[in-house]
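Please examine the sequence and the model shown below.

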Amino acid sequence: GLECYDDLQEPMKRDEVESIGKIVMDAFRSVSATPGEVTIMGSFRRGKDSSGDVDILITMKDYAETVPPDLLTRLVHHLNKNGHVAHNISRISNMPDDDASIDNKADDPRKSQRHYPAKSYMGV
């Protein structure tokens, strides 16, 4: 976070927040077989003209009480792989460092989880 401190102090306009939200929505649709809602939250949802960050909530009817195994891992991996993440501020505990292991894990549910599923992530 310190490396990006100055950039993070500069507010984003609504259209930039909306653009980031669309990128995440498209990525979610690419990695999830289960339908869900991707909602931009925080100051955007409250109608503010600018935001300091982008808060996104993903809800899935089939997972009202639980978190889908490896969904957030696959989503962040997809965003990283497509050049949408410059820095990972938080680390997902089961996020591999190489493309091959994430791609193989997605095909085999028995290998999909060594830890509890990730529930949140922060990146730039």
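Is Asp26 buried, partly exposed or exposed? Asp26 is partly exposed, at a relative accessible area of 34%; buried means under 20% relative accessible area, exposed over 50%, and partly exposed in between (1.4 Å probe, protein chains only).

The model is predicted, so that local features need pLDDT of at least 70 and side-chain atom pairs count only at pLDDT 80 or more, while totals for chains, interfaces and linings use all residues. Residues are numbered from 1 along each chain as its sequence is written, and side-chain values use heavy atoms, with hydrogens and water left out.

**Salt bridges**

Side chains of opposite charge can pair when their charged atoms come close. The structure holds two salt bridges, a salt bridge being a side-chain nitrogen of Lys or Arg within 4 Å of a carboxyl oxygen of Asp or Glu. The table lists them.

| Pair | N to O distance | Spacing in helix H2 |
|---|---|---|
| Asp26 and Lys22 | 3.0 Å | four residues apart |
| Arg29 and Asp26 | 3.7 Å | three residues apart |

Salt bridges with shared partners join Lys22, Asp26 and Arg29 into one network. An α-helix has 3.6 residues a turn, so residues three or four places apart point the same way. Lys22 is partly exposed, with 49% relative accessibility, whereas Arg29 is exposed, with a relative accessible area of 58%.

**Overall fold**

The protein contains five helices and four strands, and its pattern along the sequence is α-β-α-β-α-β-β-α-α. Helices (H or I, at least four residues) and strands (E, at least two) are DSSP runs, numbered from the N terminus. Of the 124 residues in the protein, 31% are buried. In H4, the buried residues are Leu71, Leu72, Thr73, Leu75, Val76, His77 and Leu79. Gly83, which follows H4, has a positive phi, near 75°.

Glu10 is located in the loop between H1 and strand E1 (12-13) and is exposed, with a relative accessible area of 56%. Although Glu10 and Asp53 are 43 residues apart along the chain, their C-alpha atoms are separated by 9.5 Å.

**The largest pocket**

Rolling a probe the size of a water molecule over the atoms shows where empty space is left. On a 1 Å grid over the protein atoms alone, a pocket is an open set of points where a 1.4 Å probe fits, with protein on both sides within 12 Å along at least five of seven lines; lining residues have an atom within 4 Å of a point. The largest pocket has a volume of about 1,400 Å³, a volume being the space filled by probe spheres set on the points, which are joined across faces, edges and corners.

Its lining comprises 39 residues, and Val54, Ile56, Tyr121, Met122 and Gly123 lie nearest the centre. Helix H1 (5-9), helix H2 (14-31), strand E4 (56-59) and helix H4 (71-81) each contribute at least two lining residues. By class, the lining has 27 nonpolar, six polar and six charged residues; Ala, Val, Leu, Ile, Met, Phe, Trp, Tyr, Cys and Pro count as nonpolar, Asp, Glu, Lys and Arg as charged, and the others, Gly among them, as polar.

**Nonpolar surface patch**

Met122, named above among the residues nearest the pocket centre, also belongs to a nonpolar surface patch with Leu8, Ile89 and Val124. Patches are made of residues with over 30% relative accessible area and no salt bridge, with nonpolar side chains (Val, Leu, Ile, Met, Phe, Trp, Tyr) joined within 5 Å and like charges within 9 Å. Val124 lies in the segment after helix H5 (99-107) and is partly exposed, with a relative accessible area of 31%.

Definitions and conventions
Areas by Shrake-Rupley, 256 points an atom, 1.4 Å probe, with all protein chains shown as cover.
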